[in-house]
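Open the model in your viewer and get ready to click through it. We will go from stop to stop, selecting a few residues each time.

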Amino acid sequence: KHLIDKNKSCDLLFSNNEFNTSKKAEDIRIKIQEDINSEVNEFLITCESLKNSIRYFYPKKVIIANEGVGKSKAIIEACKYYKLIFACYTKDRISEIPKSLDEKKIKYDIAISIEDILKSHNVSEDIVNEYKNSYVNSYDEKAYIEAEAIEEILIRNKIGKKLIDKICKDIITQEKLLASDDRVILVTIQKLKFFLKTNMEKNILPIVFDEVQISDFYSYCDTQLSKNQKADSFRNFYKGDSHYYKNIFNMFDLLKKRDVVLLTTEKSLIMPLFKNNEDYKDIIDCTHKLDAENVKYIITNSTSSKLIKGKDNDKIRDFMIKELRYKYQDIDFVISDNSKEADMSHIKVRGSNNYSNSNNLVIGAYPSPIEEYLYYLSCKEYFDNEFKKSNLIQKEIQKLFLESKVSQSVGRNSGFRDNGKIYYFALPLLAPNSEKNLKIKNFEISYISSNVEYIKYDF
């Protein structure tokens with residue numbers, strides 16, 4: 001069969017070769033799980049052998065695999081023999097794990113966030129928000145001694161000493177829990193970052209991250225534009241007329257002297273970011289191209305969150321969601337960032353098993369110029385070596401982000417989570433002034449489907 005090269009085609013989402021070599025999820029699920037199990041066990045055996053040694057080496061491993069294949073299952077299996085810290089991005093995700101641990105009679109505990117501690121003592125929402133705004137979102141490195149930070153806020157708000165003492169005692173108890181070594185510990189990554197920041201030298205269990213968020217490894221976490229600078233183009237940033245906040249929670253720094261496994265689906269973004277980091281040479285790629293005929297790709301000209309010209313309150317993304325919901329009336333949930341028409345954001349569903357029995361519409365979008373540039377700054381050496389022009393760098397970064405969004409989101413009810421439901425995925429790949437040509441060639445997707453529709457909107 002003639003194999004069409006996507007690099008030489010302007011309207012091809014998948015090549016014949018991809019259709020010919022893609023696998024059925026159930027044919028390879030067990031093999032991938034065994035591979036992940038083997039890698040995790042090898043890591044934990046190494047950690048165990050180093051436990052009582054003077055440490056000069058801290059094992060680190062990155063495991064990339066398709067969404068839904070059972071990465072977490074491999075970790076839970078390992079918990080029968082080894083104790084570890086299992087870190088997830090959301091409390092919803094953490095709430096899914098205890099059932100599996102209970103079934104295997106594995107001893108575990110859940111580290112509670114400061115916000116939950118405050119709420120458990122019926123502290124007002126205003127004080128909780130003051131804490132979050134003053135400390136969680138702060139760039140002040142001195143702000144992250146949690147008990148002291150909370151005590152200061154509570155005194156300022158005239159909370160009684162007895163209650164302050166109880167709250168601070170609970171915070172310290174949680175800190176001790178994270179330093180314990182006799183059980184599996186479940187914790188949000190936000191909570192773990194606070195602990196790591198203020199306990200750099202304290203010995204703790206090996207850490208497993210369930211679905212890494214790339215921005216946690218950025219050198220810079222935000223940027224303050226000058227009054228004269230607009231963030232409407234990547235090239236604007238080359239004027240150097242902006243101030244960047246250093247990421248004081250940079251995971252490369254926080255995990256320097258920690259034993260770590262990173263689980264991720266985001267192969268496209270991981271590779272440039274980790275390429276020149278000596279600590280993360282052990283990157284295991286278990287991803288496969290999968291048959292995914294339940295996925296319908298909707299190739300369109302824009303999914304932007306900008307306002308439609310001539311309409312004061314109607315954004316392109318909101319309009320598109322309404323149009324697609326009307327066109328495909330079997331849609332149960334919409335997953336999208338920055339849209340009042342969405343049911344869930346991408347981060348909210350990260351790693352979740354709760355959407356495999358619903359028909360989902362996902363809106364893929366390019367990153368903002370600030371997101372692009374923060375990623376570029378963190379991978380600067382790689383991009384400057386690979387590309388000579390800033391506009392080529394921007395196009396590559398946009399491609400990587402969109403590929404990563406597909407890898408992360410399609411797996412909600414496709415591939416290894418395919419229960420016969422439909423997955424609609426809107427991608428802004430349609431070239432300007434074209435009915436079918438793609439603006440990005442050789443776009444890499446692990447979920448192969450012949451179900452592709454091209455829709456051009458007149459915005």
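Start by selecting Phe383. Leaving aside residues up to four places away in sequence, Phe383 touches Pro272, Tyr375, Tyr376, Ile393, Glu396, Ile397 and Leu400; a contact here means heavy atoms within 4.5 Å.

Before moving on, a word on what you are looking at. This is a predicted model, in which local features need pLDDT of at least 70 and side-chain atom pairs count only at pLDDT 80 or more, while totals for chains, interfaces and linings use all residues. Residues are numbered from 1 along each chain as its sequence is written, and side-chain values use heavy atoms, with hydrogens and water left out.

**The cores**

Together with Phe383, they touch the most other members of the largest nonpolar core, which has 64 residues. Such a core is a set of buried Ala, Val, Leu, Ile, Met, Phe, Trp, Tyr and Cys residues joined through side-chain atoms within 4.5 Å. Buried means under 20% relative accessible area and exposed means over 50%, with partly exposed in between (1.4 Å probe, protein chains only). Helix α9 gives this core its largest share, 6 residues. Apart from this core lies another one of 57 residues, including Ile76, Ile106, Ile284 and Leu402.

**Helix α9**

Select residues 161–178 to see helix α9, where you will find Leu163. Helices (H or I, at least four residues) and strands (E, at least two) are DSSP runs, numbered from the N terminus. Is Leu163 buried or partly exposed? Leu163 counts as partly exposed because its relative accessibility is 28%.

Next, select residues 295–300, strand β11, in which 6 of 6 residues are buried. Val295, Tyr297 and Ile299 point one way, whereas Lys296, Ile298 and Thr300 point the other way. In a regular strand the side chains alternate between the two faces of the sheet.

Which strands pair with β11? One is β14 (residues 423–427), parallel to β11 over 5 bridges; another is β16 (residues 452–455), also parallel, joined by 4 bridges. Two strands pair if DSSP finds at least two bridges between them. Zoom in on Lys296, whose bridge partner in β14 is Tyr424, then on Tyr297, whose partner in β16 is Val452.

Show the whole open sheet: its 5 strands pair in parallel, in the order β12-β13-β14-β11-β16. β12 (333–335) and β16 each have a single partner strand, so one side of each is left without a neighbour in the sheet. On average, neighbouring strands are turned by 20° against each other, direction ignored.

**Last stop: confidence**

Colour the chain by pLDDT, the predictor's confidence in each residue, from 0 to 100. The chain averages 85, and 89% of the residues score at least 70. Residues 139–145, however, have a pLDDT below 50. Where pLDDT is low, the predicted coordinates should not be read in detail.

How values were computed:
Axes are lines fitted to C-alpha atoms, for helices over the stretch in contact, and angles run from 0 to 180 degrees between N-to-C directions.
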